[in-house]
Amino acid sequence: PPPRANAFRVLRAMQLRKPVLLEGSPGVGKTSLVQALGAACGHAVVRINLSEQTDLMDLLGSDLPVEGAPPGTYAWQDGPFLAALRSGHWVILDELNLAPQAVLEGLNSCLDHRATVYVPELAASFECPPSFRVFGCQNPLQQGGGRKGLPKSFLNRFTQVWMEELDAADMRAIAGSLFAALGAPLLEQLVGFVRALQAALARREFGAAGGPWDFNLRDVFRWCELMLALQAPPHWRPGAFLDALFLQRFRSESDRKAALRLYRESMGGCDAAQLPPLQPHFAVSSRWVQVGCAWLPRAAAQLPPPPPPPLQLLHGMLRPLQALILGVRMGWMCVVSGEGGAGKSSSLRLLAQLSGARLEETVLSTATDTTELLGCFEQTELSRLQLETLQEADELGRSLISQLAVVGVSEVSRK
């Protein structure tokens, strides 16, 4: 089977002291395989996700302010890569072909025969202990997303391993071990549809707009998680989540209809014949907001309405809103795609307004840095602290006014 062959190739590559580079399509288990091997061998595995914004300091470390010390006191803090090296752990460099050239050059010395890394800020070199291993993971270059071909001189430092894709039997076995409550017949149907959908897209039968597509085992996992969370045995209805999980990802209505026909052909049975209406119903109460099979609790104290123009709920928003609510309930990250003026931001603002949640908006660009989102060390300014305090006081006052208004309306209705 492919998983056994993949594991054998990785173990054979580890017989050399060179780092190992695993390449394969998303969802084939590159990272999971290394983590499973590390657990079986008793080694701690540190995963580091690389991107175009990754800096060498993010891996090796930098001078940071000391907590509890007098102002202006700085001390060196090891980065995750250097800390793992000094502890002799295994390191996974995920998305290796997204890393900038400066990072690759900085890691050269610890990947070749020298097996050391030099930190200029400390004026010291650190040798790689015998238990320290480096694994690189990357998706193929044609997957896009800013990936680039690595230099041959850099690739020569690795033992390259191609990861074969999982077949239907492997996917059923993995899903069955995690979601046994759904039963083997249903899991076989789910896996069969996902594989048929990916095969049809690979043959370019539909889905020309928005590609390349990749439907894999992760989609089966999401499908199973939704059924276990929102449905009760033995009345499983996977078709209830078909639109949110699969159809809404396509760009045109013709592609959605083609995927729907494929679902009817692959699944069969009563579920395919009793699919819920694609135009979901909508209901709002004082406690819940519901769109189709998805619902969210409403905050007790509703936030004040946003500034004009007022947001309106249109029929074209219902299907995307259903998918968004399911993503929010399950704690999944959602990407809203569409043409300019299609209502992407308006849909999110409307959902936040209906559920009483606070929505923070940030405009991103190619120049955006992670510190702008996660934060960084800055000089303390008294005026800035005062402004933040006034903003918090204003929000607290608005919240109290909203609560008093709700209480007053409920008392009047009782009288």
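## Surroundings of Phe 282

Phe 282 touches Val 289, Gln 290, Val 291, Leu 313, Leu 318 and Leu 354, leaving aside residues up to four places away in sequence; contact here means heavy atoms within 4.5 Å. The residue is placed in strand β10 (residues 282–284). Helices (H or I, at least four residues) and strands (E, at least two) are DSSP runs numbered from the N terminus. Phe 282 is partly exposed, with a relative accessible area of 33%. Buried stands for under 20% relative accessible area, exposed for over 50%, and partly exposed for values in between (1.4 Å probe, protein chains only). Between the C-alpha atoms of Phe 282 and Gln 15, which are 267 residues apart along the chain, the separation is 60 Å.

## Model and overall dimensions

This is a predicted model, in which local features need pLDDT of at least 70 and side-chain atom pairs count only at pLDDT 80 or more, while totals for chains, interfaces and linings use all residues. Residues are numbered from 1 along each chain as its sequence is written, and side-chain values use heavy atoms, with hydrogens and water left out.

The chain has 16 helices and twelve strands. Its C-alpha trace spans about 80 × 65 × 40 Å along the principal axes. Of the 415 residues, 37% count as buried. Among contacts between residues at least 6 apart in sequence, 70% join residues at least 24 apart.

## Salt bridges

The whole structure contains 14 salt bridges, a salt bridge being a side-chain nitrogen of Lys or Arg within 4 Å of a carboxyl oxygen of Asp or Glu. One of them joins Arg 47 to Asp 94, with the closest N and O atoms 2.9 Å apart. This pair links distant parts of the chain: Arg 47 is in strand β2 (residues 45–49) and Asp 94 in strand β5 (residues 90–94), 47 residues apart. Arg 47 is partly exposed at 47% relative accessibility, whereas Asp 94 is buried, at 6%.

Arg 349 forms a salt bridge with Glu 361, and the closest N and O atoms are 2.7 Å apart. Here too distant parts of the chain are linked, with Arg 349 in helix α14 (residues 344–355) and Glu 361 in the loop between α14 and α15 (370–374), twelve residues apart. Arg 349 counts as partly exposed, its relative accessibility being 35%.

Arg 256 and Glu 253 form a salt bridge whose closest N and O atoms are 3.0 Å apart. Both residues lie in helix α11 (residues 253–267), three residues apart, about one turn of the helix. An α-helix has 3.6 residues a turn, so residues three or four places apart point the same way. Arg 256 is buried, with a relative accessible area of 15%, while Glu 253 is partly exposed, at 34%.

The two residues also belong to a network of salt bridges that links Asp 243, Glu 253, Arg 256 and Arg 319.

## Packing of helices α8 and α9

Two packed helices are described by the angle between their axes and the distance between the axes. The axes of α8 (residues 184–202) and α9 (residues 217–230) come within 10 Å and cross at roughly 140 degrees. Axes are lines fitted to C-alpha atoms, for helices over the stretch in contact, and angles run from 0 to 180 degrees between N-to-C directions.

On the α8 side, Leu 186, Leu 187, Leu 190, Val 191, Phe 193 and Val 194 meet Val 220, Trp 223, Cys 224 and Met 227 of α9. The residues of this contact divide into ten nonpolar, no polar and no charged. Ala, Val, Leu, Ile, Met, Phe, Trp, Tyr, Cys and Pro count as nonpolar, Asp, Glu, Lys and Arg as charged, and the others, Gly among them, as polar.

## Buried face of helix α5

In helix α5 (residues 101–111) the buried residues are Val 103, Leu 104, Leu 107, Asn 108, Ser 109, Cys 110 and Leu 111. They pack against α3 (56–60), α4 (80–87), β5, β6 (116–119), β8 (133–138) and α6 (152–155).

## Backbone in the loops

The peptide bond from Pro 233 to Pro 234 is cis, with omega near 0 degrees. Pro 234 lies in the loop between α9 and α10 (242–245).

Ala 123, in the loop between β6 and β7 (124–127), has a positive phi near 50 degrees and is exposed, with a relative accessible area of 59%. Arg 204 has a positive phi of about 60 degrees although it is not a glycine. Arg 204 is in the loop between α8 and α9 and is exposed, with a relative accessible area of 76%.
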